[in-house]
Amino acid sequence: IAEMKRVPYHIQRDVLDELGVDQVAEKSDFKISAKEKFREAVRCTGPRFKSCFLSFVPLLTWLPRYPFRENAIGDLISGISVGIMHLPQGMAYALLAAVPPVFGLYSSFYPILIYFIFGTSKHISVGTYAVMSVMIGSVTERLAPDSDFMIPGNDTNSTSLDIVSRDAERVKIAATVTFLSGIFQLLLGLVRFGFVVTYLSEPLVRAYTTAAAIHVIVSQLKYSFGINPQRYSGPLSLIYTIIEDCALLGQTNIGTLVVSIVTIIGLVAAKELSALAARKIPIPIPVELITIIIATVVSWQMDLKTEYVQPTTILQAPVAPAVSLLGSMVGDAFALAVVGYGIAISLGRIFALKYAYKVDSNQELIALGLSNSIGGLFNCFAISCSMSRSMVQVSTGGKSQVAGAISALVILVILLKIGELFEELPKAVLAAIIYVNLQGMMKQFGDIRSLWRTNKVDMVVWVMTLILTVLFNPDMGLAASIAFSILTVVFRTQLPKYSILGQVPGTDIYKPVEDYNQVKEIPGIMIFHSSATLYFANAEMYIDALYEKTGVDVAKLLSHKKKLEAKRLRKEKKAAKKAKKEAKKRAKEAVKAAEDVGAVEVGPDPDTDTTLPQAIILDLSPVNFLDTVGVKTLRNIYKDYGEAGVQVYFCGCQRGVVESMEKGDFFNEKVTKSILFSSVHDAVLYCQQGNSEEVIQGTHL
């Protein structure tokens with residue numbers, strides 16, 4: 001079968017350098033000026049305005065064409081199922097954000113409706129998310145610590161915590177940082193900055209969410225053990241919190257701990273049974289909701305209520321953000337904007353690829369930005385999308401954003417009718433729900449093993465992201481992780497693989513000679529290849545590798561040549577003096593002796609290999625750009641090897657590389673584009689003909 005796939009072929013054409021290609025292909029010099037490009041970009045026509053408006057409000061495009069018969073039942077069932085999930089998750093994640101649970105329900109209502117109008121993903125379920133919530137919590141607890149709300153008691157040395165004032169301030173902070181993060185997302189979307197997510201690689205995102213899950217678990221230990229540890233912030237705060245929790249274990253509330261353990265065991269067992277029954281029951285069992293109902297009833301009957309004030313669950317009027325707080329949370333808001341968008345677009349692209357539709361990355365920024373900025377006005381905290389809810393939405397038949405709108409209506413009914421029934425719910429139960437929902441993130445530790453087998457650099461990025469986020473907190477950890485990830489790219493471009501290429505017999509294919517047994521070097525021709533682009537960070541290493549691979553150290557060769565030149569000049573000077581003293585009769589002999597001395601060849605140097613190749617071909621096909629240092633490096637290589645008697649040719653140059661060489665004054669009257677070739681094979685054939693001006697025909701393969 002392999003032999004049948006090898007189809008022999010024959011090509012007959014001229015060997016073309018860059019000038020020849022320009023003539024044959026008739027290169028166009030037409031260029032659009034920057035002024036014309038700007039004028040075209042801002043030109044407003046009827047069709048363009050309509051297209052822009054519909055892309056900004058996707059609802060107007062897809063809703064009129066909504067296939068009611070095919071999608072309505074699935075979206076209805078999916079919306080109700082996801083809405084039921086929003087209730088326990090919204091209340092639980094509100095604890096992570098350090099705000100009363102009802103605000104988790106607000107965050108599961110307003111932003112979803114906004115995304116329904118402006119979002120482009122049909123399957124993701126936006127709303128509260130553990131990672132975003134814990135990032136919000138770090139801001140609220142930092143700017144409104146318990147110590148600021150202690151009021152003196154009746155006794156001289158006693159104090160009590162003003163929970164009402166503290167919660168009101170924390171809600172204000174959470175809403176303000178959410179509003180600001182939404183503004184960041186909105187601005188990035190309007191300037192078409194959706195590509196920013198490319199800096200969040202999959203290993204980085206998965207490691208970051210795993211580390212954030214660790215922060216979430218540690219933050220909930222106080223609710224499970226019924227203790228009140230001191231709040232720490234800044235680097236190593238997670239370590240300090242764990243030490244503090246361990247020191248307070250002696251003060252554990254046994255009743256709270258029992259409630260937490262029983263809830264965790266019950267949830268895990270119920271989820272396993274639900275997974276087994278999923279094949280027979282089309283709708284997933286609302287395990288968390290059942291748990292909340294049972295826990296609420298038990299707490300009400302046995303008076304296990306945890307002390308917190310639950311605001312009345314009614315819809316509230318919009319409130320302006322606290323402008324005075326904006327300056328202290330810019331970094332936190334930007335981190336929220338990037339993380340929330342990165343998680344949403346990553347999951348959205350997965351479903352878009354699976355179900356064959358397109359997700360607009362810039363429109364997603366706008367949709368999330370509006371969801372957060374408008375949601376912040378209604379005391380919501382920052383949202384993203386949840387993998388667990390999205391999977392339920394898909395598995396229960398959800399096929400469009402209508403499922404999200406229905407889930408928001410379910411939350412609306414809960415807010416208006418039955419929300420106050422959950423005032424008796426202990427926080428230990430919500431903490432247990434969080435633990436169980438995070439088990440999927442903790443399974444991501446298995447990525448280390450798979451990445452070790454596939455890509456060790458990605459594994460290092462994963463591990464370092466985990467360590468940096470655990471040590472520096474989610475906000476600073478994200479910045480440090482992105483910086484480290486970019487640094488690995490820089491190192492990989494600084495340390496590329498350099499090789500000498502040889503020809504696969506009977507073909508125009510050239511491969512590294514060290515990787516193949518049958519690949520042979522072309523006699524007298526060295527073909528040098530680098531696996532990375534050429535720029536300021538690796539220019540010096542490029543030259544060193546070229547010297548090493550070709551066996552020609554041009555610096556030493558030129559130094560040796562200069563020594564011989566100096567020796568020749570000294571002999572000429574000495575001969576000239578001697579010639580002056582001699583009679584005119586010996587003048588001819590003196591001149592002849594001087595000419596013999598002037599024909600000194602480059603002699604052997606004990607430190608330099610004098611076996612010079614006829615030509616060196618630099619394969620620049622991996623080079624996608626050239627900076628000024630790169631252009632200067634190529635110019636020096638061409639000049640130095642030329643002085644040593646070795647002709648240098650370049651092949652595989654991309655358009656941007658050629659333009660950079662032109663702008664960098666690489667070409668002149670002596671150095672033209674005739675040294676550039678489209679392929680390695682053209683350059684080799686040209687060199688084998690001794691740089692003749694003949695037209696070489698019949699490239700046989």
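Predicted model: local features only at pLDDT ≥ 70, side-chain atom pairs only at ≥ 80, totals over all residues.
How many cavities of 30 Å³ or more does the count come to? I looked, and the count comes to three. A cavity here is a set of points on a 1 Å grid over the protein atoms alone where a 1.4 Å probe fits but cannot get out.

Residues are numbered from 1 along each chain, and side-chain values use heavy atoms, without hydrogens and water.

Next I opened the largest cavity, which holds about 80 Å³. It has 14 lining residues (an atom within 4 Å of a point), and those closest to its centre are Ile112, Tyr115, Ile124, Gln401 and Gly404. Helix H8 (110–118) and helix H18 (402–418) each give at least two residues to that lining. I sorted the lining by class: six nonpolar, seven polar and one charged.

Then I checked a helix pair. H11 (residues 202–225) packs on H22 (residues 456–494) at about 45°, with the axes 8 Å apart.

Last, I looked up aromatic pairs (ring centres within 6.5 Å) and found 20. In one of them, Phe650 and Phe666 sit edge-to-face (planes over 60 degrees apart), at 5.7 Å centre to centre and 75° between the planes. Phe650 is in strand S9 (residues 647–651) and Phe666 is in the loop between helix H27 (655–663) and strand S10 (676–677), so the pair ties together parts 16 residues apart in sequence.

Technical notes:
Axes fitted to C-alpha atoms, helices over the stretch in contact; angles between N-to-C directions. Helix = DSSP H or I, 4+ residues; strand = E, 2+ residues; numbered from the N terminus. 1 Å grid on protein atoms, 1.4 Å probe; cavity = no way out; pocket = protein on both sides within 12 Å on 5 of 7 lines; lining within 4 Å. Points joined across faces, edges and corners; volume = space filled by probe spheres on them. Nonpolar A, V, L, I, M, F, W, Y, C, P; charged D, E, K, R; others polar. Phe/Tyr/Trp six-rings, centres within 6.5 Å; stacked < 30°, edge-to-face > 60°.
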